[in-house]
Amino acid sequence: MKFSEDFYWGGAVAANQCEGAWNVDGRGMARTDVTTGGTVNTPRMVTFIDKDGNKQKLPNHGFKLPEGAHFAVFDDELYPNHDGIDFYHHYKEDIALLKEMGFKMFRLSISWSRIYPTGEEEKPNQAGLDFYRNVFTELRNAGIEPLVSIWHFDTPLVLEEKYGDWLDRKYIALYEKYVTTIFNEYKGLVKYWLTFNEINNTINFLPDDASDEAYQEAYQHLHYQFVASARAVQIGHQIDPENKIGCMICGITYYPLTSDPEDILFNRSKWEKGIFYCGDVQCKGKYPTFTKRLWKEHNVQLDITEQDLEELKKGTVDMYTFSYYMSQAVTTHKNDDTVSGNMSFGVRNPYLEYSDWGWALDPKGLKYYLEMIYDRYEKPLMVVENGLGAYDTVEEDGSIHDNYRIEYYRAHIEEMAKAIENGVDLIGYTTWGCIDLVSAGTGEMRKRYGFIYVDKHDDGTGTMARSKKDSFYWYKKVIASQGEDLD
Ligand code: BG6
């Protein structure tokens, strides 16, 4: 099957994972700048000075800055995002390679703290604005449509220190100022925008047995982001009616492990809490019916105004975009056959294979997700992240034979084609980490996703030289044949 001629084939990256240049040209810090590297079994750590002046670190996942502490960079720690893959200085070379592959779209994010270093300045940082203008212009000249994530986990660190992690209503106005600046600045250059990357992670990755306080904070954090997103959609449309603005959800296909009705119901609650809660607010402009139950389960009382609810109604997104890496089997039964790996949880699905990082490889789960979501919202869909994090070996002649990656993509593209045939309006596919970058979950370089290899390693060494893997030539062929030639 052929995909339509205007289908957006491409790839995706995020500022903090690829740009490097963390303290260059006036950029302020973000959480990743105080986060060390980890591995599949050891967490990334956040470094800070506690109220008594002692150096401390705590796991990044579920991190909350202790009372009276402040974030700090330590000389004896390695922070992989400081260098990333130095896209900041290599973007021309990188975009030339994407053009060679025939990319139609490139998803990247703007680092908020390059534009407003502390989040509270009155005027934006000109050097930051210039950098993205240059990148978008380079993309346009290469015939590649930019798809821009406005927020990819990188709130200015000063704001997080002052107001917690989206735990203050002030964030809405600060985000509005930021989006107004970039919508005005890049009018005519950028048309496709995403408001919050994987907005549902806040609730989706919260353990089922987390405290009521943790749930209270997660739902409040999300509410402020929902309102900020809705405001951004309205502002974006006012500034340029051509703008297409989407939500971005971490897409996981949940399956019940058994046919026990308790498992069926548990599975359904996973979809509701993890997937539909955010999608419904952003696509339908209102909280879903099951919200009352979710909040009641954890005694959640939110700061929500009538005006907020009006904003949600007026700020529904134009498209639903999502990442898809895996499915997850869930059960209410005691089952010790759990999956270990970063950000993966749930029990082992005996019908699936798992990646070296414990993520279930399930192309059919992508078709299931696409059809389920399209049926619910009937909005254009884009898969804006999908890919295989794997160990790559560079041969003596410099070649990289990543057949496993090709197989992974082939299977997922085939399932997308079937979903389109079944009526799903899928308009684009941007594979994750089309060029190797720092893993968000583990901070590793060795967890590689790219068609393009970057000579950068976990001990901080490497020349940053770029080279083409076998998958580079394969994806080029796929795009040229509009998805017909997958061999
Ligand atoms: C998504 C994020 O969660 O998954 C990306 O939007 C991230 O930022 C990607 O890189 C893959 O996860 P990881 O941990 O392999 O980098």
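A polar contact here is a pair of N or O atoms within 3.5 Å; within protein, one must be able to donate a hydrogen and the other to accept it, and residues adjacent in sequence count only if both atoms are side-chain atoms.

**Ground rules.** I'm working on a predicted model, where local features need pLDDT of at least 70, side-chain atom pairs count only at pLDDT 80 or more, and totals for chains, interfaces and linings use all residues. Residues are numbered from 1 along each chain as its sequence is written, and side-chain values use heavy atoms, with hydrogens and water left out.

**Ligand.** I started with Tyr449, where a polar side-chain atom sits 2.5 Å from a ligand oxygen. I then found a polar backbone atom of Gly441 at 2.8 Å from an oxygen of the ligand. For Tyr325 I got 3.5 Å between a polar side-chain atom and a ligand oxygen. Taken alone the ligand exposes 380 Å², and the protein buries 98% of that (Shrake-Rupley areas, 1.4 Å probe; for residues, only the protein chains shown count as cover).

I looked up the shell next: 16 residues surround the ligand, and the closest are Gln17, Glu198, Ala440, Lys447 and Tyr449 (a residue is near if one of its heavy atoms lies within 4 Å). I noted seven nonpolar, six polar and three charged residues in that shell. Ala, Val, Leu, Ile, Met, Phe, Trp, Tyr, Cys and Pro count as nonpolar, Asp, Glu, Lys and Arg as charged, and the others, Gly among them, as polar.

**Asp33.** I located Asp33 in the loop between helix 1 (15-18) and strand 2 (45-49). Helices (H or I, at least four residues) and strands (E, at least two) are DSSP runs, numbered from the N terminus. Asp33 counts as buried because its relative accessibility is 1% (buried means under 20% relative accessible area, exposed over 50%, partly exposed in between; 1.4 Å probe, protein chains only). A polar atom of the Asp33 side chain lies 2.8 Å from the backbone nitrogen of Ala30. Not counting residues up to four places away in sequence, I see Asp33 touching Trp22, Arg27, Gly28, Val73, Tyr79 and His82 (contact means heavy atoms within 4.5 Å).

**Ser467.** I placed Ser467 in strand 15 (residues 466-468). Ser467 counts as partly exposed because its relative accessibility is 26%. With neighbours within four places in sequence set aside, I listed Ile400, Phe451, Ile452 and Tyr453 as contacts of Ser467.
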